[in-house]
Amino acid sequence: MIADVLNGILLMLWRVVSDQPAPLAALLPALPEALRPVVSAVLCVSPIIGVFATLFALTTLMERKGLGRIQNRLGPNRVGPFGILQPAADGLKMLTKEDIIPRSADKLVHFLAPVALAVPTLLAYAVLPYGRNLVPLDLDAGLLFFFAVGASTELAIFMAGWSSHNKYSLLGAMRAIAQMISYEIPLILSAVTVVMIAGSLSPAHIVARQDGFIWGWVPHWYVLTPWGFVGFLIFTTASLAESNRSPFDLPEAESELIAGHLTEYSGFKYALFFLAEYLGMFAISGLGVTLFLGGWQAPLPGLDWVPSYLWFFSKLILMVFIFIWIRGTVPRLRVDQLLNLAWKFLLPLALINLFTAAIWHFTAVWQFPGALLLRWLLSAVMIGGAYVVLGRALSPRKKVSLRTYRYAT
Amino acid sequence: MLGEGIIKGMAETARNFFGSYHDADRMTTVQFPEDRIPAKENARNFPFLVFDGEDPAKGLRCVACQICEKECPPKCIYIVKDTVKKPDYIGKLQFQPRVFDIDVSVCMSCQICVEVCPFEAIKMDTDYEFGTADRFGGLLLNKQRLAKPNTYYRKIHATEAAEVDERLAAEKAKAEAKAKADAEAKARAAATAAAAKATPTPVVSPTAPAIAPAPAK
Amino acid sequence: MQIPFAIIAALTIVAGIAAMSLRKLVHCALCLALVFAGLAAMYLQLGAQFVGFAQILVYIGAVAILVVFAILLTNSSSSLLPTVRSRSWVFGLVVAVLVFATLVKVILASSTVAGRSLPENPLPTVKDLGTQMMTYYILPLEVMGLLLTAATIGAVIIAMQEKKPVEPLKPGSAGAPPTHP
Amino acid sequence: MQLHHYLIFSALLFAVGLAGALTRRNGILVLVGIELMLNAANLNFIAFWRFSADPQAMQGILFVLFSIAIAAAEAAVGLALIISIYRHYKTTNLEEMNSLQG
């Protein structure tokens, strides 16, 4: 019995590492009937939490070091060699701090808000395909599930902002909700283009559709089509806003709102918010990788022997690095600019992108020479024209001129 | 064109990112406890007391006039006058402080004490490492901790110190010259007096009584 | 099957009663979100995946937020009314109890409902649902799109700030000008 | 698990919504009560669909989907009405909105 279980565990690990199907099937038959659902749930959930918590720690360090380098600094380098123990020090500091609840706060809601934020964020990980046979829950409507749990984090942010009984908190929460609702639409519309072309709401199936190579070496990823490229850009912009990252970090704009809905949180609850924010960023980056960057597919034909989950995570880290790079570059937007960008630029562009994807799909039957070039040109004209027109409408009309002063020279 | 600026900015930050790895000149910071940026000449942090010579007890320029104590906006200076006088750099007898405390946790580095001091006795320091576990005693600097030699002052604020030294030297020279002149006058007066004694007609010089108490003032 | 249903049902009903009886309106809205979540869980338990997720997306992600915004915009959360119940609350409660009793009696008496348990037939996939919606139900779908557009525009126009703010009327107060002479 | 469990549950939810809509004096909460009643009806549709002989016929699901869309539109318009009424009367108390009373 014990030998069977040990054997099963080893076989399962080997199947996970070597990309073989149904790793859990190797272990479960060795267990008693009653234990199977519990064990399979634990085996699905614990690696996700472990891996992404580690990734969270690494990302905070990478972010601080990367931002330092972008600003010609060294970044944290004191705790451990090259500062790699910095996340542990940060965590210890965070957890040993006093947990303060404001006297006029709504105690129960104040307590529940971080939980209500962290739980949906973790739920979103259930449907992402991490490797060739590694998807915890292959739901038929997985993408809808992802967006549904993503939408329910807004209420948690409102709970945090309202229960703190602080004007900065409430304003920050209101900004966050307005921002998340506005950017959810371009986000979902850009994902809908992929759903339309792939013909499925299941992330695993969408990844499977991006299999293979054009001309033997160009991967068949959606980002390498005109509509997919624009969709990816829209998706990245909207996901920056959804995860409250700079330049869309208005909800916690320090200079105006202290820390927005986080103002009255400290200690463990603050750590939970921080964790949920980063986990949300990973989840949405993982979705971007799944939808546009081919998920766990290898980028070149000869690289199939590399385990598929390594490709997934390297793409994920690439996305996160781009997020950090953007954070180090772009200044924060104003509220009106933020909402104008969502409603007057991204939304029409995403709709036109949807049309372009449809045209791309229906012109796939063209067989004459130069058909691919013509399709590319057609799409480029449609999207590029829309981009120029919408961008011009969005840019401020008034020419900015040199400022002159009446009394000072 | 929308997005042009973002691409330019991203290129700039990417240049910074990669440049910071091979170009040490780009770095804007130093590793503090090991490396330090040398203090700029006009840097100032908290005041200190200047003394001349080797012995702080003897050479302290402060005469406990208490102007700085009165002028200090946050009232962080505390002075008690000593009853014993001591000669200053010119040789005049002056008061001296028995207690001179500055609470640097209150001091706001405004430099007003330096502006008002007529004796060039208090100057701004550039030292900033006052970290201590004892926030009451450790940040209340007494006379011993505040007193620093003039050579130190010359080291941290070279130009300013040269100016001050020149002025003090000039004053000292003037005072010495005056003392010499007085001494000469006195000698002359004494000679005149001696001559007057010798000669039968004693002429009382009208200036003699005025010159006689010259050393005191 | 029985225990999860009991847990979800109890949670939903308690949250529903709380949503209808708490004093602070924001608490009511949060309990409302809990009711929606419980119903979504029940849809999932019944095998209606797409509807369950749509329920979360639309009700928790949009309707609950709308309610919260409305509460904050009308400043109802801070007003301290002497009572939250209307004058005819006993009447309302009696009507609700009577409706419930009637419904239960009808359900228990019905012969088509009695003792029916889950059939073993396969459930339709999301793809089947989409196919149905885009073929047989295309007209209702289009009408729904039109309705949503009209509702969006209508809601914006109704809630839009008027150019000239009308003098606020206090019905019943002495200083209020007569509305219709 | 039988059909009448779901039906009784949804009847109870309907009654709670009805009671709330009839007893509360705040306009927003009356709307919330109406939402609860709509949701209870939706649950009935799903339950009947699931327990029908042929779940491949998807009328129940599709009806609920359309009903969710209508409920969203209803909530948006209803709350917009309440906000505009609030602007006019400075209250959301339904008993004070009696200018059409004879």
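Select strand 1 of chain B together with strand 6 (residues 122-124) of chain B, and you will find 3 bridges joining the two strands, which run antiparallel. Strands here are DSSP runs of type E with at least two residues, helices are runs of H or I with at least four, and both are numbered from the N terminus; two strands pair if DSSP finds at least two bridges between them. The model is predicted, so that local features need pLDDT of at least 70 and side-chain atom pairs count only at pLDDT 80 or more, while totals for chains, interfaces and linings use all residues. Residues are numbered from 1 along each chain as its sequence is written, and chains are lettered from A and ligands numbered from 1 in the order in which they are written.

Within this pairing, pick P47(B), which stands opposite M124(B) of strand 6 of chain B.

Now show the side of chain B that touches chain A, where 13 residues of chain B are in contact with 13 residues of chain A, a contact being two C-beta atoms, placed from the backbone, within 7 Å. On the chain B side these residues divide into 6 nonpolar, 6 polar and 1 charged; Ala, Val, Leu, Ile, Met, Phe, Trp, Tyr, Cys and Pro count as nonpolar, Asp, Glu, Lys and Arg as charged, and the others, Gly among them, as polar.

Moving on to chain A as a whole, you will see 15 helices and 2 strands. Its C-alpha trace spans about 90 × 70 × 40 Å along the principal axes, and 43% of its 409 residues count as buried.

Within chain A, select helix 3 (residues 36-70) and helix 4 (residues 86-96), which pack at an angle of about 105° with their axes 9 Å apart; axes are lines fitted to C-alpha atoms, for helices over the stretch in contact, and angles run from 0 to 180 degrees between N-to-C directions. Helix 3 of chain A and helix 4 of chain A are therefore roughly perpendicular, given that 65 to 115 degrees counts as roughly perpendicular, under 35 as roughly parallel, over 145 as roughly antiparallel and the rest as oblique. At this crossing A57(A), T60(A) and L61(A) of helix 3 of chain A meet Q86(A), P87(A) and D90(A) of helix 4 of chain A.

Finish at V35(C), in helix 2 (residues 25-45) of chain C. With 30 C-beta neighbours inside 10 Å, V35(C) counts as buried. Leaving out residues up to four places away in sequence, V35(C) touches T12(C), A15(C), G16(C), A19(C) and L36(D).

Definitions and conventions: Buried ≥ 20, exposed ≤ 12 C-beta atoms within 10 Å, placed from the backbone.
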